[in-house]
Each structure stands twice: as structure tokens, then as C-alpha cells.
Amino acid sequence: MTVVLESRALSKRYGRRRGLTDCTLSVPAGRVAGLVGPNGAGKTTLLHLAVGLLEPTSGTIDVLGARPAASPEQLARIGFVAQDTPTYAGLTVADHLKLGARMNPGWDVGLARSRIGAIGLDPRQRAGKLSGGQRAQLALTLAIAKRPEFLLLDEPVSSLDPLARREFLQGLMEAVAEQGLSVLISSHLVADLERVCDYLIVLIDSRVQLSGDVDDLLVSHRLLTGPRCDLAALPADWQVVSASHTDRQSTLLIRTADPVHDPAWTVEEISMEDLVLAYMSKAAIAPDRNRTMEVQR
Amino acid sequence: MIEFHLDGRSGVSPYLQLIQQVRQALRLGLLIQGDQLPTVKDVVGRLAINPNTVLKAYRELEYEGLVGARPGVGTFVTRTLADESLAAHGELRTELERWLGKARRAGLEEESIEALILTTFRATMKETI
């Protein structure tokens, strides 16, 4: 299996503040990987480290088998759409394409032109006059026409209305189908990525809480309801992600490799959104517990 | 050529929805032997879903012997699920329409009609089992 991004114990600090902590990841090639987590979790930090806009404080990161921005050749193989899909407000759509052609050795003129036509952008229009959705499409066109092997996008759809959001993801998925490129796309809204990504990375409070193939993750997590139980009495290979109890009933989200056969439990599958939310609330509880422990010590 | 659609609230995964829609079209005779399925690019461009989801659904249909992939050309239907019973569909539909008209005249609302059909359907299915 080839890997497009590999990091080991990767950390980034901004003074005393943690941007990213002890992040070990391996993102396979040919996938659409979703990077999800609340605002401020470290998604942008990870993406900036991956494209070489930031240097790690400690640990290593390799992208397409080399250090980020190691050489012009390596940069040519990577596409990046920064947060809020920036464009040059004073330049026209045509200027942007000219700029793209000058700056990128592998520029695909035909692809850029046909995409601009398909979206219905007027080449003479200034980028500053475009709608949010159109600007996002222009930024995506520039990134795709560069013909990268690995495309990274930082919250590209968060500020778009539902229609523009869908059109953007349609364009992105078409490019994935046609060019077979690998994608890492971040969002603080899981619902945006539910249908598009087949690999998932959940980042919370600067740490990776969960990562893996979406199908594998969904198969290995089960929502159980049954008579009230003692957590200590559960099978040893069950990893309890969340648990809530009433005086009679227990509801558990567990991670296990084996199917649950115990008839005492009603077993349900879990959606990607519920899975991510469970890990988010787990992380929200954990730091408090650590804090009280520190106080007790 | 058929066009796929996704129901986001059904709880059925997109992968299964695609398979079900092909099977349904085969059963109703909307797809017959030799027909081409939409290309992966067309499907993802329409539904904004991961291309691997479409590939996986097509592979499953291929495994079931319903479609075959011709590399570089596309995916084509190799077998149909519509049998002789398809010929009876027209008459059954007319009868059903007549019955629906009767139900409406009797004052049943859409939800009541649906509930009545579903409960009767389930009850008779149980009997035959």
C-alpha cells in the first residue's frame, strides 16, 4: 500500500499553546481522507505542516515520500486550497488561469478551460466580484489544473451555501474519479464529508483521536443497549468509547474486532456522524478528569 | 441509461442504495441486457459521492453476475431480472389504480392508504411463510 502522508510523533507548538501533539498518521494513496474536528483542534496546523508552510516543533512528516516542500518537483506534485479558498480579488478569472499556467510546469490548459466553462464563469470577470461558491470553484480549478497527485483542502466548503457546497464536492469527486488523485480535506462539519470520504481522521484538542478506513471504523464500532451493566465485567477486547446508564439500562458505544453475540444486548450500527460526535464528547470529558486528578495529587 | 439518486434520510448506505436501484431497474425492465450503467465520473459528478463507493457497488453487481465491466468502455448489463411476470405488471397496475380510486372515494387519506397496504402486505406475507 502506498502512502501519501506519513507522520511520526509530529508536534507543533505556538509558544505555550499546542497546535498539534504527538500525531502519528499514515494516509493511504488513492483515497479521499476526511480530517474532521472542532474549530481550533489543529486541522489547519496539520495541513500547513503537510504542505511545508509550517515547520514541526518535533517529530517528522513525509508527503509523497519526502519532507514537505523539499524541492520544486515535490511542490509540483501537491495541490493546496487554503482556508476560505483565497483568490486575487483584482485579477480576472483569465488572469488566474494565466498565472496558473506560468507557475506550474504540469499545467493542464484544456482541463482549466473546460472546468471554467462547465462552472459557467466569465473569464473577464474579476475574482473580487465572484460569489463565494464561484470563488471556491475557481480556487479548485487552479488546484486541479496543476495536475497534482495529492490535493489538500482546508475547510473549502464551510462558508458556502448548501447548493454551492454540493457543486464544489461534485467537481472535486469528478476530479478524483478522472485523475485518480489522493485527497485530504478538512471540515468541522462531519455531514459535509460523510459521503465523500473513505478514510477518516478525527482530530480533537491537538491530538488524533481516531483514524482509519471508514468502512473498517463503522464495522468495528457498535452501539449496544441492554440491562444495566458493570463496565469492569465487559469482555476485555471491548474498548468502550462512551457509556451512559439509567438505573435499569446501559447504552454503550464499543469498539471491537469481533461480532457481538450476547443476546442481552441490542446491537446497532452507527453512522459516521454519530461516531465522530461520540469521540468528540469523549475527548471533552477526558481533560476534565485529568484536571481533577492533578488537583487531587 | 438510468440515473441514480440518494435518499439521505433512509439510513441505507449510498453503496447499497446504488445496488438496490440497479436491481430495481432490472426487475422493472428499465434496464435490459446490453444497457450501459452511468460511468463512475457521471455518478460522482451528480451525487457528490466518493468514486470508490460507485466502484464498490459496480463490483458487487459484477460479482452477482448482473453486469460486466469492459475496460476503457464502461459497465454493461449482462443479465436481466425481469421475467415472464413482467407481462402481468400492466393489468395488476390497472387493478391497483382502480382499488386506490375506491379507497380515496371511501375517504381514506394518503397515509391511511399507505398504512393499509403495508399492514395487509405484511400480514399476507406472514401467511405464505
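In the predicted model, 22% of the 129 residues of chain B count as buried. Here a residue is classed as buried if 20 or more other C-beta atoms lie within 10 Å of its own.

The secondary structure of chain B consists of five helices and two strands. Followed along the sequence, these elements are arranged in the pattern α-α-α-β-β-α-α. The radius of gyration of chain B is 18 Å, whereas the globule rule gives 14 Å for 129 residues; because the former is well over the latter, chain B is more spread out than a compact globule. The dimensions of the chain were also computed along its principal axes, where the C-alpha trace of chain B spans about 55 × 35 × 30 Å.

Contacts within chain B were examined by their separation in sequence. Of those between residues at least 6 apart, 57% join residues at least 24 apart.

The contact between the two chains was considered next. Chain A contributes 13 residues to this contact, and chain B contributes 10 residues. On the side of chain B that touches chain A, at least two residues are supplied by each of α2 (40–47) and α3 (51–63) of chain B. The most is given by α2(B), which provides four residues to that side.

Key. Residues numbered from 1 in each chain as written. Chains lettered and ligands numbered in written order. Predicted model: local features only at pLDDT ≥ 70, side-chain atom pairs only at ≥ 80, totals over all residues. Rg over C-alpha atoms; globule rule 2.2 N^0.38 Å. Buried ≥ 20, exposed ≤ 12 C-beta atoms within 10 Å, placed from the backbone. Contact = placed C-beta atoms within 7 Å.
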